[in-house]
Amino acid sequence: MKLVMPTNWDDALVPEYKKLGIAECYGKLAVDVVGGGRSAFILPNVSRARVAGHIRKLHGAGIKFNYLLNAACGSFREFSRSGDKEVRKLLGWLADAGVDSVTVTSPYFLQMIKKKYPVFKICVSTNAEVASLQKALFWQDFGADQITLSHNLANRDFALIRLLKKKVSCELRLIANTSCLLDCPLSRYHTAYDAHSSQADSARRPGFAVDYCNLFCKFIRLSDPVRFISSQWIRPEDLAVYESAGIGTFKLIDRRCSTEKLLLIARAYAGRRYDGNLVDLLPIFHGKTVLDFRTLPLKLRYFFHPRELNLFSLVELGSILQDFRIRIDNTKLNGFIGKFVTAGCPPEGCSDCGYCARVAGEALSYDKEYLISLRERYGNFLQKFVNGDLFHY
C-alpha cells in the first residue's frame, strides 16, 4: 500500500510521515498563476523559499513531492503570451525546487509539461472526473503516469475499479477520506470556483469569494443526514478490499488541516484501523475549518470589499459555521463495504435502495434538534445569495 499525504508546510510533519512510511506528499502555494482545488483564503500563505525548503526536508526523509496544478479552469490565461510566460516560469521554479511530479486537470498542461518538462511525472487530478474506461484511456494515451479517479463516482464502484485495473496500465489512485456527496451535482461548479479563488489574477483584482457550494453542500447534508453515510469515504479497515480490487495507492486530504489533524489521519490509515468517530478522519464533515494566522492576509484580500459585499453578512456567516456534532461509530461499520463489492449502487438511486439509511440507523448519531436549527440557519443564509442581501446593505 502506498499512502499520499497533504502538507500544510509544517516541517514537523516530515519525521512523522517518515515513521509512518508515507511515500509521497502534495501541496501548492495558496496563490499561483494556475490555481488549484482549494480556495486560497483557507490555506496557509507561505513563501516560495518555505516551499522549497520543505521539499528538501521531504526528500531527505525519502518522501517524494507532488505539486498541484489542478485548477478546473484557467480563465484562458494559459492561452495568452503573458499567461504562457507565467506558467512556464512557475514550472521552471518547480523543477529547480526539486518537485517530483505535478497533478493536472487540463489536457493542455499534460501535453505541454510532458514535452517541455519531462523531469516531472504527471498525475491526473480527481477534478478531471475520470470514472469510465474511455476517460482513463484518453489520459493514459497522452502520457499520464497516474490517475486519481473521481471521488464522487468511483470510490464504491468496484465493477469500474476492476475494469480499469484490467485495461489501464498507469497507476490508479483513490482519495480515501473524501466526504463529497455521491455524484455531487455541485462538483463542476465548485471546482471552477476553487480554481478562480486560488489564481493570482483573482487575488490581485478587487473580487471576493464566498463559497456558495460549500454552504449548499452542508445544507443538503443537514437536510438529509443519511448523506453522511452515502458519501464516498473509505474506512482505514477497508483498504485491503480495494487492494484486492487492484488499487494500491490511496490519497488522503486535507491541506487546510492542522498538523495534529493530518497526523491523526495518517496514523489511522497507515495502521488500517480507527476505533473512534469516523468523522475525525473526514475534514469536510466539520462545520468549521481549522485556520491559523497564516491564512489572515488572504482572507482579508478576498473578503474585505465593503463596496462589493455586505460585511455584516460575513459576520453572520461566521456565526453559523458550527461543528455538526455528528458521530459515525466506525466500530459498527465492519462489513459495510461488502454490499458495494458484490452489488454496487442500484441505477434507481438511493430512495429505492435504502442500504445507507439502514446503516445510518445503526452507526450514525446526532442531536436532531440541533441539526434542524443549524439547517434553518444555513437555509436562511443561502437565501441571502438568492435575494441579493449578501451584496447590498
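1. Two strands pair if DSSP finds at least two bridges between them. Strands (E, at least two residues) and helices (H or I, at least four residues) are DSSP runs, numbered from the N terminus. In general, strands of a sheet pair through backbone hydrogen bonds, either parallel or antiparallel. With that in hand, Thr148 stands opposite Arg173 in β7.

2. A word on the source. This is a predicted model, in which local features need pLDDT of at least 70, side-chain atom pairs count only at pLDDT 80 or more, and totals for chains, interfaces and linings use all residues. Residues are numbered from 1 along each chain as its sequence is written, and side-chain values use heavy atoms, with hydrogens and water left out.

3. Start with the barrel. It is closed and has 8 strands, in the order β1-β2-β3-β4-β5-β6-β7-β8, with parallel pairing. On average, neighbouring strands of this sheet are turned by 25° against each other, direction ignored. Angles here run from 0 to 180 degrees between N-to-C directions, and axes are lines fitted to C-alpha atoms, for helices over the stretch in contact.

4. Buried means under 20% relative accessible area, exposed means over 50%, and partly exposed lies in between (1.4 Å probe, protein chains only).

5. Strand β1 has partners to check. It runs parallel to strand β8 (residues 249–251), and 3 bridges join the two. Val4 stands opposite Lys251 in β8. β1 also pairs with strand β2 (residues 24–27) in the parallel sense, over 3 bridges. Here Met5 has Cys25 of β2 as its bridge partner.

6. Follow β2 onward. β2 and strand β3 (residues 64–69) pair in the parallel sense over 4 bridges. Cys25 has Phe65 as its bridge partner in β3. Cys25 is also the bridge partner of Met5.

7. Now the path between strands. β1, helix α1 (residues 13–20) and β2 make a right-handed β-α-β unit. A crossover is right-handed if, with the strands pointing away from the viewer, the path from the first strand over the helix to the second runs clockwise.

8. Strand β7 (residues 171–175) is largely enclosed by the rest of the structure, because 4 of its 5 residues are buried. Strand β6 (residues 146–148) pairs with β7 in the parallel sense over 3 bridges. From β6 the chain crosses through helix α6 (residues 158–167) to β7, and this β-α-β crossover is right-handed. β7 also pairs with β8, again in the parallel sense, over 3 bridges. There Leu174 stands opposite Phe250.

9. Helix α6 has a helix partner too. Two packed helices are described by the angle between their axes and the distance between the axes. The axes of helix α5 (residues 133–141) and α6 come within 10 Å and cross at roughly 35°. This crossing is right-handed. A crossing is right-handed if the near helix is turned clockwise from the far one by less than a right angle, and left-handed if anticlockwise.

10. Which residues of α5 and α6 meet? Leu133, Ala136 and Leu137 of α5 meet Leu160, Leu163, Leu164 and Lys167 of α6. Contact means heavy atoms within 4.5 Å. By class, this contact has 6 nonpolar, no polar and 1 charged residues. Ala, Val, Leu, Ile, Met, Phe, Trp, Tyr, Cys and Pro count as nonpolar, Asp, Glu, Lys and Arg as charged, and the others, Gly among them, as polar.

11. Helix α9 (residues 212–223) packs with helix α18 (residues 368–387) at an angle of about 145°, with the axes 9 Å apart. α9 passes α18 in a left-handed crossing. The contact includes Leu215, Phe216 and Lys218 of α9, and Leu371, Tyr378 and Phe385 of α18. By class, the contact has 11 nonpolar, 2 polar and 2 charged residues.

12. Lys218 of α9 is buried, with a relative accessible area of 5%. Ser373 of α18 is partly exposed, at 37%. Val210 is found in the loop between α8 (200–204) and α9. Val210 is buried, at 10%. Among the residues that Val210 touches are Tyr193, Leu215 and Phe385, not counting residues up to four places away in sequence.
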